[in-house]
Amino acid sequence: AVSLPLGFLLARRIVKNNWAALVPVLMALFPNYYVFVGRVNNDALAVVIFPLLILATGKLYEKSLTPGRLLSIGCLLGLGLLTKSYFLTAVPVLLIFVLLKRFRGEISSKECASALLLVLAPAALLVGWWYWRNYVEVGTFSGLVLLRQTSSLPLIAWFKGLAHLRL
């Protein structure tokens, strides 16, 4: 239920008018939403952490890069990475965000390096053990065994397999 107000806050930040109220309504009407949050699993937690991460990152756009804000983003990223591996998609976005601030001249190179460290260090401390365990046990950081099995196939095998694909 916390994800509905977070959806509104996120939409309000983007749209900046009353149409943002439709976002939680649409979220509540999607059948898949209840599949994710209606049971006790890590998807329900991810649905809350990802909007919090986006909101915290959006604050950096409006305000300065303070160590507290950067550490909170790093902790949210770490918690998200422990929850679901699709939080890996947030890592390049956060890197690009900080690097853009540097290339626009908003921060110095030293501030950029410390910002990246303050975001990535807490995340690495929180999840490093888990991804290392996956790599040792399965051979991939994601923990997906099928990915390991198919990644060793030669490229021609992928194309030969497409002929047997039924759509």
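Is Lys101 buried or exposed in this structure, and what is its relative accessible area? In the predicted model described here, local features need pLDDT of at least 70 and side-chain atom pairs count only at pLDDT 80 or more, whereas totals for chains, interfaces and linings use all residues. Residues are numbered from 1 along each chain as its sequence is written, and side-chain values use heavy atoms, with hydrogens and water left out.

Lys101 is buried, with a relative accessible area of 7%, where buried means under 20% relative accessible area, exposed means over 50% and partly exposed lies in between, computed with a 1.4 Å probe on protein chains only. This lysine lies in helix α6, helices being DSSP runs of H or I with at least four residues and strands being runs of E with at least two, both numbered from the N terminus. The side chains of Lys101 and Glu106 are joined by a polar contact of 2.7 Å, that is, a pair of N or O atoms within 3.5 Å, of which, within protein, one must be able to donate a hydrogen and the other to accept it, and for which residues adjacent in sequence count only if both atoms are side-chain atoms. When neighbours within four places in sequence are left aside, Lys101 is in contact (heavy atoms within 4.5 Å) with Leu60, Tyr61, Leu65, Glu106 and Ile107.

The protein chain as a whole has nine helices and zero strands, and buried residues make up 28% of its 167 residues. Among contacts between residues at least 6 apart in sequence, 58% join residues at least 24 apart.

The axes of helix α4 (residues 42–62) and helix α6 (residues 90–103) come within 11 Å and cross at roughly 5°, the axes being lines fitted to C-alpha atoms, for helices over the stretch in contact, with angles running from 0 to 180 degrees between N-to-C directions. That crossing makes α4 roughly parallel to α6, since angles under 35 degrees count as roughly parallel, those over 145 as roughly antiparallel, those from 65 to 115 as roughly perpendicular and the rest as oblique. Phe50, Leu53, Thr57, Leu60 and Tyr61 on the α4 side meet Ala90, Leu94, Phe97 and Lys101 on the α6 side. By class, this contact has seven nonpolar, one polar and one charged residues, where Ala, Val, Leu, Ile, Met, Phe, Trp, Tyr, Cys and Pro count as nonpolar, Asp, Glu, Lys and Arg as charged, and the others, Gly among them, as polar.

In soluble globular proteins, nonpolar side chains tend to be buried together. The largest nonpolar core of this model has 24 residues, and those with the most contacts inside it are Leu53, Ile73, Leu77 and Val98; such a core is a set of buried Ala, Val, Leu, Ile, Met, Phe, Trp, Tyr and Cys residues joined through side-chain atoms within 4.5 Å. The elements that give two or more residues to this core are α4, α5, α6 and α7 (109–138), and the largest share, seven residues, comes from α7. Val98 lies in helix α6 and is buried, with a relative accessible area of 3%. Apart from neighbours within four places in sequence, Val98 is in contact with Ile107, Cys112, Ala115 and Leu116, while its C-alpha atom is separated by 9.2 Å from that of Leu65, 33 residues away along the chain.

Phe87, in the loop between α5 and α6, counts as buried at 0% relative accessibility; not counting residues up to four places away in sequence, Phe87 touches Ala46, Ile49, Phe50, Leu53, Leu77, Gly80 and Leu81. Thr83, in helix α5 (residues 67–83), counts as buried at 9% relative accessibility, and its side chain reaches the backbone oxygen of Leu79 at 2.7 Å. Beyond four places in sequence, Thr83 is in contact with Asn42, Leu45, Ala46 and Ile49. Leu6, in helix α1 (residues 3–15), likewise counts as buried, at 9% relative accessibility, and, with neighbours within four places in sequence left aside, is in contact with Val48, Pro51, Leu52 and Leu55. The C-alpha atoms of Leu6 and Val48, which are 42 residues apart along the chain, are separated by 7.5 Å.
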